[in-house]
Amino acid sequence: GAQYSVDARLARSASTSTKQQTPHEVRASLCALRARIQAGDPDALRAGLAYFVGVPLTLLDDVLLMGPHDVDWIIAIDPRAGISYVDLSYLHSEMAQSEATGPRCIAASAILARPLPEFLHRALVDQLRVAPGAETIDDLPRGAGITGRTELIFEGSLGRIKASVARLYRARGRVALESGLDRLRAALITADFSLIGKSIVHYVTVGRTCLWEAAQQYSDYISWGPVVSLSDGPAVGSAVTPLESTIRALDAWSCTEVARLRPGKRYTLSSLEGHHNTYTLAVAQRIHFLLGGREQAPLKYTSADFTSAQAMLAIPDKRAGVYRGLLPVALLTFVAEQVALYRAHCVALDRRLAHIGIPSDDARRQYLATVAGFVDAPLFCTFANAAITPIGTADLRDFFGPDRALAPDAGRKYWATLLANSGCSTSDVEAYLRHSSAGFHRLGVTSLYALGDTARRVAMVIDRAILDMGWRPLVGIARR
């Protein structure tokens, strides 16, 4: 099935690679490594830290042992708590550029926190007693040394590929997949980011409880036992992912504004334009947020994009190889209903403009006709001085103001996080984001990926969340 395709294909291809240890070799190597660590072997401790933290042995000596240090770091270990930290902003520069908007967003940062297995933490503490002033791993005691060529098992056997530490290290991502973790969590726990596209870490916010559970599942699978507790703290991911309460408040405000400006039986051109502009911006915000749109000027949705019988929508918001950005996303039931109401609003508005004497060749009425006629023209336009203006994300930001406005791509972050936390696979999340996935070509004839199945899973989760938030399609001047 579609759920099987990507993770299983990665695991299957990796398990036959001579660059990685086989599953049997991995289990034997990790058991042998744990025994040597518990016996007090300082070199085995280094190899164990390298494997679980995800740092090559050649770079392990530079890992900081956190304390009262005022220095830059990329990877560090807090030996008192048994927590390893990775600053992902060095890998994903956009994470360093995000600025949180206070209590309106999920508390998150680019710092990835992961707990160590308890026995590995105890062994590290024992070594620090011997070297209490150690500031990096390089300052800890060492023995004869373990290198990437070292064999932990089958040492000296002939006629076979060496079960080296280097091959064990390269297998860690595959082992995490075999433990049942999805690709995103496997990448975060093992620091093997070849399992995912780099951008997904910027969009999906993963909390510490989820990270602890993933680390525990992984550690249990490799027989390294319980991991240390992970204290409360910021999630890892975007700092501008809005809270559900923020979304509710913003939408409630826009609905109130639309109702306040709705013209009565005695209307004027000014009242019609004022209500239309507010209604357009409110609906555009909803559609852009729900479809996970990017920052755009103007928004690229057209009336022709939305028909009554379609299940998918191609959004041209970013070039993707030969596909020119026209990558498909599920057309949510709520979105289809909201666009239908917006189209009905435009039809009713056109009648009212005609009633007050606006000619049919007026730019405003011609625009309303394109919306009603499913024409390939901008769907969302506002009126000013007898002219029409297609709106973009900057107009949405101006409409809601600095105290309410969301980041232009807030919907991508919000729904990607919700999908990941609702049990959707990493592949489903990447499909919603319209990102390519490692290990397969989404539109290739040999792909095991089923686009329709993924669209249905994504739409089901988001449509259910919309109902839980209490959203209802917003009506303009047309009757339902």
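These are my notebook entries on one protein chain, taken from a predicted model.

**Entry 1. Overall counts**

I started with the chain as a whole. The secondary structure of the protein chain comes to 19 helices and ten strands. I then looked up burial: of the 480 residues in the protein chain, 55% are buried. The protein chain exposes about 21100 Å², and I noted that carbon and sulfur atoms supply 54% of that area. For contacts in the protein chain between residues at least 6 apart in sequence, I read that 71% join residues at least 24 apart.

**Entry 2. The largest cavity**

Rolling a probe the size of a water molecule over the atoms shows where empty space is left. I found four cavities of 30 Å³ or more. The largest cavity has a volume of about 140 Å³. It is lined by 14 residues, and the closest to its centre are Gln 285, Leu 396, Leu 406, Ala 407 and Pro 408.

Which helices each supply at least two residues of this lining? I listed helix 13 (269-290), helix 16 (393-400) and helix 17 (410-421). Helix 16 gives the most to the lining of the largest cavity, with four residues. By class, I noted eight nonpolar, five polar and one charged residue in the lining of the largest cavity.

**Entry 3. The second largest cavity**

The space in the second largest cavity is about 70 Å³. I wrote down its lining as Ile 247, Leu 250, Asp 251, Ser 254, Ala 282, Gln 285, Arg 286, Phe 289, Phe 400, Leu 406 and Trp 471. Helix 12 (244-261) and helix 13 each supply at least two residues of that lining. The classes in the lining of the second largest cavity are seven nonpolar, two polar and two charged residues.

I checked the two linings against each other. Gln 285 and Leu 406 line the second largest cavity, and Gln 285 and Leu 406 are also among the residues closest to the centre of the largest cavity. Helix 13 supplies at least two residues to the lining of the largest cavity and at least two to that of the second largest cavity.

**Entry 4. The second largest pocket**

I turned from cavities to an open site. The second largest pocket holds about 330 Å³ of space. Of the 16 residues that line the second largest pocket, I recorded Val 55, Leu 59, Ile 74, Ile 75 and Val 86 as the closest to its centre. Its lining has 13 nonpolar, one polar and two charged residues.

I then traced a sheet. Strands of a sheet pair through backbone hydrogen bonds, either parallel or antiparallel. The sheet I followed is open, has four strands in the order 1-2-3-5, and shows mixed pairing. Its edge strands are strand 1 (64-65) and strand 5 (111-115), each of which pairs on one side only. Strand 2 (residues 75-78) and strand 3 (residues 83-87) pair in the antiparallel sense over four bridges. I noted that Asp 78 stands opposite Ile 83 in strand 3.

**Entry 5. Backbone exceptions**

Most residues other than glycine have a negative phi, and most peptide bonds are trans. The peptide bond from Ala 297 to Pro 298 is cis, with omega near -5 degrees. I placed Pro 298 in the loop between helix 13 and strand 7 (312-316).

Ala 191 has a positive phi, near 60 degrees. The residue lies in the loop between helix 9 (183-190) and helix 10 (200-203). Is Ala 191 buried or exposed? At 16% relative accessibility, Ala 191 counts as buried, because the cut-off for buried is under 20%.

Phe 374 also has a positive phi, near 55 degrees. I found Phe 374 in the loop between helix 15 (363-372) and strand 9 (381-384). Phe 374 has a relative accessible area of 40%, so I logged the residue as partly exposed.

**Entry 6. Thr 302**

Thr 302 is buried, with a relative accessible area of 11%. Which residues does Thr 302 touch, not counting those up to four places away in sequence? I listed Val 375, Asp 376, Ala 377, Pro 378 and Leu 379. Thr 302 and Ala 377 are 75 residues apart along the chain, and their C-alpha atoms are separated by 5.1 Å.

Key:
Residues numbered from 1 in each chain as written. Predicted model: local features only at pLDDT ≥ 70, side-chain atom pairs only at ≥ 80, totals over all residues. Heavy atoms only, no water. 1 Å grid on protein atoms, 1.4 Å probe; cavity = no way out; pocket = protein on both sides within 12 Å on 5 of 7 lines; lining within 4 Å. Points joined across faces, edges and corners; volume = space filled by probe spheres on them. Nonpolar A, V, L, I, M, F, W, Y, C, P; charged D, E, K, R; others polar. Buried < 20%, exposed > 50% of the residue type's maximum accessible area, 1.4 Å probe, protein only. Contact = heavy atoms within 4.5 Å. Areas by Shrake-Rupley, 256 points an atom, 1.4 Å probe, with all protein chains shown as cover. Pairing = 2+ DSSP bridges.
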